[in-house]
Amino acid sequence: MAILLIAEHDENSLKEATARALSAARQMDPQVDILVAGEKCAAIARQAAALEGVRKVLLAEDAALAHQMAGPMSALVTPLMETYDALVAPATTTGRDIAPRIAALLDVMQISDVVAVQSPDTFVRPIYAGNALQTVRSKDVKKVLTIRTTAFPATAKSAQAAPVETIAVAEIPPGVRFVSQELNTSERPELTSARIVVSGGRGMGSTEAFAMLEELAARLGAAVGASRAAVDAGFVSNDLQVGQTGKIVAPELYMAFGISGAIQHLAGMKDSRIIVAVNKDEEAPIFQVADYGLVADLFKVLPELMEKLG
Amino acid sequence: MKILVPVKRVADYNVRIHVKADETGVELANVKMSMNPFDEIAVEEAIRLKEAGKAEEIIAVSIGPGEAEQTLRTALAMGADRAILVKTQQETEPLAVAKVLRAIVKRENPDLVILGKQAIDDDCGQTGQMLAALLGWPQATFISKLEIDGEQATITREIDGGLQTISAPLPLVATTDLRLNEPRYASLPNIMKARRKPLETLTAEELDVDVTPRLEVLKVQEPPARAGGVRVESVDELIDRLKNEAGVL
Ligand SMILES: Cc1cc2nc3c(=O)[nH]c(=O)nc-3n(C[C@H](O)[C@H](O)[C@H](O)COP(=O)(O)OP(=O)(O)OC[C@H]3O[C@@H](n4cnc5c(N)ncnc54)[C@H](O)[C@@H]3O)c2cc1C
Ligand SMILES: Nc1ncnc2c1ncn2[C@@H]1O[C@H](COP(=O)(O)O)[C@@H](O)[C@H]1O
């Protein structure tokens, strides 16, 4: 038997989250099939087939699978699980939406946000906003996991493509109807896979100040992130929130401007390789995790940084 | 319309959590416990629907130890009409909680169940989706806006790329995200009144639900600590260190 991995994509491209979750899956079992499901996604299936170590790709195309809604996706995947030992999905909002629904239909207790695979049934996952790491063994016959993608490297591409097999999609009853989507169309790299992230908090004070951060990000080829307070204040959109209940990032460099460093924020960025904090309060808890702390007014630091990084 | 709101008693979000020396779990003795913040948002949303004349009754339910009664009293003080405590001494895993909730849904027939998107202790983020699966209901996760019009709900969801709007028929399971609303504080008179609101106590056995955990916790450890960093005195020093010491610029 083998593992089924649900591919993360937006019908335009296969997301790196897939290649990262694949690394985790391959640590459990070398036999991994990838499911690419959506309305029109044959091109995505070919991208998935090019990943190293993939046994085959299952391609499921149907209008009902557009936007990979949990209802149709669980109707598709649950019967497929008869021939697999484990279901793996990246812990993206899509994976988090779908996987528990399938787990319940399989009568399996899901293991969320896996950061390490110790054996095919034993996994490590963070709890309490990453303040503790729990090692759990699943007693269920089948396993359902979501993978914290920052904890695993992306699987490389292979010279030889795996076969793509088109699978039939049974009639899916109507349920939730997609109405519209408002996606952030920033030119910046994706937050969860960027090499550098520059983040702003409540201390930024305004949307205009975030424009400055955008500019710095453009110069560094970085993504822009934010604290919950900055999102709640309406300075930036929700998809930029980093933290326990937002996005988890682990870039080479994370620069925090005007962020105090609440545990819920740290949970989302403390695995970054280098952390820089700029805060005018020298007592701010963010300095406890910062490799380089600068006690200063961010409104002085940001322009100076931009000028000197040229 | 009847709304069911599951609320979990968790360590307060301000508490700094420590792992027990024997690595069997986290230290919860003498720790301040509160309602899971996402569940406060769920209770608030239910109350707003009632205030808008769209709902008649709000039932709060919690699965856990006897102390979870306090969490239910908080929900009642906020504005829930009655509460159900399903007592168990077991660690409550999302699958087991979802099964208990299914049994409650069968008894109460709500049109809407609003849960938190995640409990901030186990950080599982599963229960709502599992309940929807077990009931065969549609689900709307991570919601930041909810409008009910007759038998139909229009929902905005926070997704990785931005915001998504969907519409779904009732009955429905929804899970709250942070920006759905700002929960109210219970006033003192309402806290007093809540003491007299009905609270029914059941057990998982009475509901005929097996809550035996499926996961065996082998150990719980502190995450590796970050080594202390340095203070830099100027932007020049920062750039220099990032270039020449850390090699990230
Ligand atoms: C259930 C729950 C989930 C949560 N999830 C998240 C999450 O996922 N992500 C998240 O970030 N938070 C989350 N939070 C919120 C978290 O607890 C904090 O409230 C939040 O992170 C604070 O954001 P902040 O640091 O921007 O704001 P504040 O704590 O207000 O800090 C602002 C900082 O800016 C500094 N500052 C102000 N002006 C300047 C200036 N001119 N120059 C330099 N520094 C300046 C101040 O000294 C201060 O340290 C969550 C909370 C709850 C209850
Ligand atoms: N023991 C419990 N009692 C009541 N509700 C719960 C319980 N556990 C989880 N929930 C609900 O399910 C949501 C998600 O929890 P979880 O799946 O554990 O992250 C919570 O926000 C609650 O609304």
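This is a predicted model: local features need pLDDT of at least 70, side-chain atom pairs count only at pLDDT 80 or more; totals for chains, interfaces and linings use all residues.
Residues are numbered from 1 along each chain, chains are lettered from A and ligands numbered from 1 as written, and side-chain values use heavy atoms, without hydrogens and water.

Visitor: Why is the site of ligand 1 called shared between chains?
Guide: A residue is near a molecule if one of its heavy atoms lies within 4 Å of it. Residues from chains A and B surround ligand 1, so the site is shared.

Visitor: What makes the pair of Ser227(A) and ligand 1 a polar contact?
Guide: A polar contact is a pair of N or O atoms within 3.5 Å; within protein, one must be able to donate a hydrogen and the other to accept it, and residues adjacent in sequence count only if both atoms are side-chain atoms. A polar side-chain atom of Ser227(A) lies 2.5 Å from an oxygen atom of ligand 1, so the pair meets the cut-off. For Gln241(A) the distance to a ligand oxygen is 2.7 Å, and for Asn279(A) it is 2.7 Å.

Visitor: Why is Met1(A) called exposed?
Guide: Exposed means over 50% relative accessible area (1.4 Å probe, protein chains only), buried under 20%, partly exposed in between. Met1(A) has 58%, so it is exposed.

Visitor: Which residues is Met1(A) in contact with, leaving aside neighbours within four places in sequence?
Guide: Contact means heavy atoms within 4.5 Å. Among the partners are Asp29(A), Tyr84(A), Asp85(A) and Lys142(A). The C-alpha atoms of Met1(A) and Asp85(A) are separated by 6.1 Å.
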